[in-house]
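Hi,

Here is the structure I promised to pass on. Have a look first, and then read my notes below.

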Amino acid sequence: MRIVVTGAGPDSIGLATAVALRDLGHEVVVTTRSVPVDGFAWHPLDLASRTSVAAFASWFGATYDGLDALVNNAGIHLDLRSTWKQPQLVDGHEIHWRTNYLGTADLTRALLPLLLSAPDPRVVHVVSKLHERGRNEAFFSAFGDGYDSWVAYGTSKLALVHDAASLAVRHPGLRAYSLHPGSVYTHIADRGLETAPLLGRLRALAAPLERRMLATPAQGAETSVHCVTAPDATSGYYRRSAPAEPAPQAGDEAARAALWARTSDWLVEEAR
Ligand SMILES: NC(=O)c1ccc[n+]([C@@H]2O[C@H](COP(=O)([O-])OP(=O)(O)OC[C@H]3O[C@@H](n4cnc5c(N)ncnc54)[C@H](OP(=O)(O)O)[C@@H]3O)[C@@H](O)[C@H]2O)c1
């Protein structure tokens with residue numbers, strides 16, 4: 001199989017996913033925003049930029065004759081300390097929403113024609129159990145009043161749970177998954193500490209303990225690898241390499257349909 005894994009930076013779940021898939025004999029193409037990844041075919045990708053997503057899709061289509069699976073693993077969770085009082089905006093969208101949800105939706109739609117020509121195509125959205133903090137109503141607001149970046153992160157991941165469900169229904173030949181990778185020791189929790197050197201030093205001191213308490217990136221990769229490779233894995237939400245129940249708000253079909261329609265509008269509006 002030829003597989004794209006996004007967000008394969010140092011010590012990340014994406015890199016561990018790419019390594020595990022390559023060890024199983026698959027051809028893996030990876031992305032980061034700017035730094036090449038040793039030992040892999042690589043191309044830059046910034047999900048927060050429509051130009052970058054289009055450039056990636058165009059490069060991929062010109063370089064390869066097909067795609068079997070897309071692992072949408074790249075994601076951000078900034079402001080873990082909840083210090084932001086207002087959203088950071090990219091193209092007028094809250095940054096987690098813009099990057100994790102809209103960027104992933106954009107990339108998936110750009111690569112869908114290639115995927116749909118594969119014999120058993122699969123799309124994996126790496127979300128988080130924190131999608132339970134997400135709110136369907138927030139899809140259509142600017143997250144402005146009483147801003148909480150954890151709700152914004154959760155909402156971006158809830159939207160991806162809906163997106164995977166929509167993809168599976170709209171494209172019956174496509175298997176589409178969303179999954180929680182576990183609580184994994186990566187650099188995701190470093191974000192936001194750049195401006196708090198003392199906290200950064202404390203985190204570095206606590207690192208050995210934190211590392212022991214959390215899963216390794218290789219363990220965090222297991223559910224993605226399962227969803228890409230298991231012959232009998234049907235579409236749905238997964239945890240620990242098994243089907244699981246997402247949060248109740250992920251079952252709201254009216255919200256899911258409205259999100260699908262609005263996403264198409266957003267992507268068209270932004271292309272203008
Ligand atoms: N770690 C956990 O406990 C945990 C729990 C639940 C869910 N998750 C999810 O798992 C996924 C992987 O997280 P991780 O823990 O491995 O985090 P990480 O170590 O911070 O890696 C994230 C990757 O995403 C890439 N990325 C960041 N911003 C991007 C953008 N604008 N466009 C494209 N790529 C971008 C990064 O690229 P650069 O290399 O260029 O920085 C990096 O390679 C994320 O979706 C995260 O939400 C993680």
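One definition before anything else: when I say two residues are in contact, their C-beta atoms, placed from the backbone, lie within 7 Å. Also keep in mind that this is a predicted model.

Let's start with the sheet. Eight strands make up an open sheet, in the order β3-β2-β1-β4-β7-β8-β9-β10, and the pairing is mixed. The edges belong to β3 (41–44) and β10 (242–243); each has a single partner strand, so one side of each has no neighbour in the sheet. At the β10 end, β9 (residues 236–239) and β10 run antiparallel and are joined by two bridges. Y238 has P243 of β10 as its bridge partner.

Next, helix α6. This helix lies across β1 (2–5), β4 (69–72), β7 (122–126), β8 (175–180) and β9, and runs at about 165 degrees to β7.

Helix α6 (residues 217–229) also meets helix α1 (residues 13–23): their axes come within 8 Å and cross at roughly 55 degrees. The two helices are therefore oblique to each other, and their crossing is right-handed. On the α1 side the contact includes I13, L15 and A16, while α6 brings in residues including P217, A218 and V228. Sorted by class, this contact has ten nonpolar residues, three polar ones and no charged ones.

Last, the ligand. It is surrounded by 28 residues, and the closest are G7, G9, R33, G75 and T186. The shell around the ligand divides into 15 polar, eleven nonpolar and two charged residues.

Cheers

Technical notes
Residues are numbered from 1 along each chain as its sequence is written. This is a predicted model: local features need pLDDT of at least 70, side-chain atom pairs count only at pLDDT 80 or more; totals for chains, interfaces and linings use all residues. A residue is near a molecule or strand if its C-beta atom, placed from the backbone, lies within 6 Å of it. Ala, Val, Leu, Ile, Met, Phe, Trp, Tyr, Cys and Pro count as nonpolar, Asp, Glu, Lys and Arg as charged, and the others, Gly among them, as polar. Axes are lines fitted to C-alpha atoms, for helices over the stretch in contact, and angles run from 0 to 180 degrees between N-to-C directions. Helices (H or I, at least four residues) and strands (E, at least two) are DSSP runs, numbered from the N terminus. Angles under 35 degrees count as roughly parallel, over 145 as roughly antiparallel, 65 to 115 as roughly perpendicular and the rest as oblique. A crossing is left-handed if the near helix is turned anticlockwise from the far one by less than a right angle, and right-handed if clockwise. Two strands pair if DSSP finds at least two bridges between them.
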